[in-house]
Amino acid sequence: MAEVSLSGVTKSFGDDLALADVTMTVPDGSFVVLLGPTGAGKTTTLRMVSGLDVPDAGQIRIGGRDMAGLTPAQRDVAMVFQQYSLYPHLTVRQNLEFPLKSPVLRTPPAEIDRKVGEVAEVLQISHKLDNKATALSGGEMQRVSIGRALVRNPAVYLMDEPLSSLDAKLRSDLRIELKRIQANSGATLLYVTHDQIEAMTMATHVGVLDKGRLVQFGTPREIYENPVSLYAASRLGQPRINLLPADLFAGAPEGARSIGLRPEQILQGEGSDSMVRRVEHLGDQTRLHLVFRDHDLVTVTDAHTKLKGGDIVKIRPRNPYYFDAAGARIV
Amino acid sequence: MSFSVTEPNPATKWLAGLLVVGYAVITLIPLLWIIATGFKSPTDSIAYPPVVLFEPTLEGYVNLFTDRTRATEQMLAEAGPPQTWYDEIARARGTVISGPSRYGERFLNSVIIGFGSTALCMILGTAAAYAFSRFRVPLKDDLLFFILSTRMMPPIAVAIPIFLMFRNLGLNDTHIGMILLYTAVNLSLSVWLLKGFIDEIPVEYEEAALIDGYTRFQAFYKVVLPQAATGIASTAIFCLIFAWNEYAFAVLLTSGTAQTAPPFIPNIIGVNGKDWPAVAAGATIFLVPVMVFTVLLRKHLLRGITFGAVRK
């Protein structure tokens, strides 16, 4: 296991700037989640670290060693792809053995059997080992593909939305499983997702990417509670943070263009009137859709609320975030 | 639930079946006729109206594989009774077998040149197609067009320059010359077909292999090749059929050592009059290797032809 550090990594594809001057350190043994919408540069970052793509500028170090000019095989990284992950002409067992049999590792057969058995056990695919890889369900395929990374003990695991194609139940099971494996083995893991629950539950650190730039890097709590920008603030939190014109409420600081209100930053029962448009009971959460001076707001409320559509409820911001015209946080 | 594919009704199925069978019969009749002619006697083979039911004989095959000389009564008597069944057939026509014909050699030449050029074409074609499919090759589109353009005229149009070139290089009437020539002619088709097949294989598989600790070449060999097998098989069939059936270059550039079967078969006609059963026998045997090769690879061929027909 090793620390991964990127400094000033820049990459463009034709005229598209995919990564702009990304500098970040993934500490040894940490679980770093890269968060951002499609096209933010998450996958590109993984590919730079893996060696599948080469940065135009900047440096990547794994375990202190400069990776420039090294092939993916020489970098000792394992990667889980989002799709097309299994070798279709091989069985599940052959897929899992594939990295162990590589010229780089040349694992003895007894060792291969032991590791494959172990990983198959953890991922609950032991009974499918002799199936053709193409004869699996989507969820099984993705588990095998994660397994193919886990049979190794690389410097860093790279995972590109490995759970996005799975159903909700399996996703939450594997989320816990991955976190457990990482915590037990002390593996360094760089993980790409756009699912904020994955980010919040698994990450020790979250990197927020916006159009190829790393806008914030910190623990999930830090990013949730202390976002540097409107963009970073809207990456985490469910329901999403409400963004309203700053002058809607009194007390906005100089230069503030918009106010950001997470549900817990909306105090109910005092302040100004707003109208309840709809109450949504989600089971674990009860959402209140409000209209405040022609602006829509979503917040959460008590599960046993008596409120219903058309009611009036008073609201007031409590320690809200203010953002300037460029979207940067005003502290 | 709705189905986008409607099951055809029995009448349509019957009609479709009838059409297919009808078409098959029409295309197969010449083939059956050649096979049948190979077992006819010379008289039956040119009978008019043509005979459909006849007494089969192996005379055509004996004549194909042997050289014979006309013998006088006295010579026949001196030679004693026929030793083998094929001797007997030759004697019945008043001839004795003087030795094996060159058909065997020519057939072997066809096998060496046909399969040799197909193999070489697959090796070069797959390598080139992989490079065009995966790497940033400078002037890629121009090069691909150039490769295709070598097939825009009939190959025989350049026969004379090739003849002169072969003469200067000492490649006339050699196996290696014919293998190189057929490879060159087939290569454009192979590169284009194979590029299509390799394009369809997601690059993620190779990337996974690269990360799993393999080199680019190992990834190609262990991951791409097995998946391209279907495409390679169907392309190989196309190449083999061309090289196997090629006539014009073979007539022009081969005469002895490297002569293939196609220019040899019509030669039979000239030797002992119009020996149609021997010609038909030669053609029948000539069909066998391509048929066997195609049947062996037919699973791939069918998949190969329909491969990539559906846009995802």
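Start with Arg293 of chain A, which takes a positive phi near 45° in the hairpin of β14(A) and β15(A). That hairpin has two residues between its strands. Keep in mind as you look around that this is a predicted model.

Now widen the selection to the two strands themselves: β14(A) covers residues 286-292 and β15(A) covers residues 295-301. They run antiparallel, with seven bridges joining them. Click on Phe292(A) and look across to β15(A), where His295(A) stands opposite.

Next, hop over to chain B and select residues 216-245, helix α11(B), along with residues 276-296, helix α14(B). Their axes come within 11 Å and cross at roughly 175°. With angles over 145 degrees counting as roughly antiparallel, these two helices are therefore roughly antiparallel to each other. To see what makes the contact, show side chains for Ile237(B), Leu240(B), Ile241(B) and Trp244(B) on α11(B), then Val290(B), Phe293(B) and Thr294(B) on α14(B). Six of these contact residues are nonpolar, one is polar and none is charged.

Last stop: color chain B by pLDDT. The chain averages 87, and 93% of its residues score at least 70. Helix α6(B), residues 103-134, has the highest confidence at 95, while helix α15(B), residues 298-306, has the lowest at a mean of 66. Then pick residues 307-312 of chain B, where pLDDT stays under 50. For that stretch the model has five contacts beyond four places in sequence.

Technical notes:
Residues are numbered from 1 along each chain as its sequence is written. Chains are lettered from A and ligands numbered from 1 in the order in which they are written. This is a predicted model: local features need pLDDT of at least 70, side-chain atom pairs count only at pLDDT 80 or more; totals for chains, interfaces and linings use all residues. pLDDT is the predictor's confidence in each residue, from 0 to 100. Helices (H or I, at least four residues) and strands (E, at least two) are DSSP runs, numbered from the N terminus. Two residues are in contact if their C-beta atoms, placed from the backbone, lie within 7 Å. Two strands pair if DSSP finds at least two bridges between them. Axes are lines fitted to C-alpha atoms, for helices over the stretch in contact, and angles run from 0 to 180 degrees between N-to-C directions. Angles under 35 degrees count as roughly parallel, over 145 as roughly antiparallel, 65 to 115 as roughly perpendicular and the rest as oblique. Ala, Val, Leu, Ile, Met, Phe, Trp, Tyr, Cys and Pro count as nonpolar, Asp, Glu, Lys and Arg as charged, and the others, Gly among them, as polar.
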